[in-house]
Amino acid sequence: MICILKHSSSISEEGEMATDELSSKLNRRLQIEEGEHEPVALDEAHENGAHEKTATVSADSELGAKLQRRGELNEGVGEHQQPSMKVFNPYTEFKEFSRKQIKDMEKMFKQYDSEKDNFIDLMELKLMMEKLGAPQTHLGLKNMIKEVDEDLDGKLSFREFLLIFRKAAAGELAEDSGLHVLARLSEIDVSTEGVKGAKSFFEAKVQAINESNRFEAEIRQEQEEKKREAEERKTRQAAFKELKSAFK
């Protein structure tokens, strides 16, 4: 009888503990819903660990992709990406040349830029040298590009093409080099020196003023030529209309 009473008392105590625990949980949930307490993030450490693991995997993948890309470029499989180029004004950067000289260089550049991508590659340079009557070997062509290839993309931009004539005018090209031959056979006279050839500061200032005046005079001359061409075109059109009306 006593054992039965003890057993019943134990069951009653366990029931009360379960009831108290359930009541505590329900009270806690009500407090969270009412905004009195913030929920405890039990899995926070686990989530942080998972996030760090994901970041590590991402960094490893990025590094692996870069190493693979570099290996492809070294093996000649991948294509070299063109670096960004700043827009430049040839008339302000290459002040040692007149506007006519630069326009002649631009005309020559566009003539041999057969792909019209604003670059002269190895094959286009090969054709240029053949047309000029001075064919070069494959290695010779590569050395020509290398001498002025500032961005190391293996081809010539218009700015790098102008560097050829700057070096030629400054006497920086060997006479037996391909670039010297190109500049000499291009029929573009670059023998005149700019401000860099001045012997004194005063002489340099005078030359700078003359350079500015010459630049403005060339612009006016171009404008006058365009105006004259427009007037001649207008005169021809009027004569054509008059001739056309005579046959009606």
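Me: Which residues in helix 5 meet which residues in helix 6?
Reply: On the helix 5 side they are Leu122, Leu125, Lys126 and Met129, and in helix 6 they meet His138, Leu141, Lys142, Met144 and Ile145. Contact here means heavy atoms within 4.5 Å. Bear in mind that this is a predicted model, where local features need pLDDT of at least 70, side-chain atom pairs count only at pLDDT 80 or more, and totals for chains, interfaces and linings use all residues. Residues are numbered from 1 along each chain as its sequence is written, and side-chain values use heavy atoms, with hydrogens and water left out.

Me: What makes helix 5 roughly perpendicular to helix 6?
Reply: They pack at an angle of about 105°, with axes 10 Å apart. Axes are lines fitted to C-alpha atoms, for helices over the stretch in contact, and angles run from 0 to 180 degrees between N-to-C directions. Angles under 35 degrees count as roughly parallel, over 145 as roughly antiparallel, 65 to 115 as roughly perpendicular and the rest as oblique. So helix 5 is roughly perpendicular to helix 6.

Me: How does the contact of helix 5 with helix 6 divide by class?
Reply: There are 6 nonpolar, 1 polar and 2 charged residues. Ala, Val, Leu, Ile, Met, Phe, Trp, Tyr, Cys and Pro count as nonpolar, Asp, Glu, Lys and Arg as charged, and the others, Gly among them, as polar.

Me: How do you know whether Ile120 is buried or exposed?
Reply: Its relative accessible area is 0%. Buried means under 20% relative accessible area, exposed over 50%, partly exposed in between (1.4 Å probe, protein chains only). So Ile120 is buried. Ile120 is found in the loop between helix 4 (99-112) and helix 5.

Me: What is Ile120 in contact with, leaving aside its neighbours within four places in sequence?
Reply: Phe109, Tyr112, Leu125, Met128, Lys155, Leu156 and Phe161. The C-alpha atoms of Ile120 and Phe161 are separated by 8.6 Å, although 41 residues apart along the chain.

Me: Which residues does UniProt list for "domain: EF-hand"?
Reply: The unreviewed entry lists 100-135 and 136-171. Residues 100-135 are 64% helix and 0% strand.

Methods. UniProt positions renumbered as here; feature names shortened; annotations may be inferred. Helix = DSSP H or I, 4+ residues; strand = E, 2+ residues; numbered from the N terminus.
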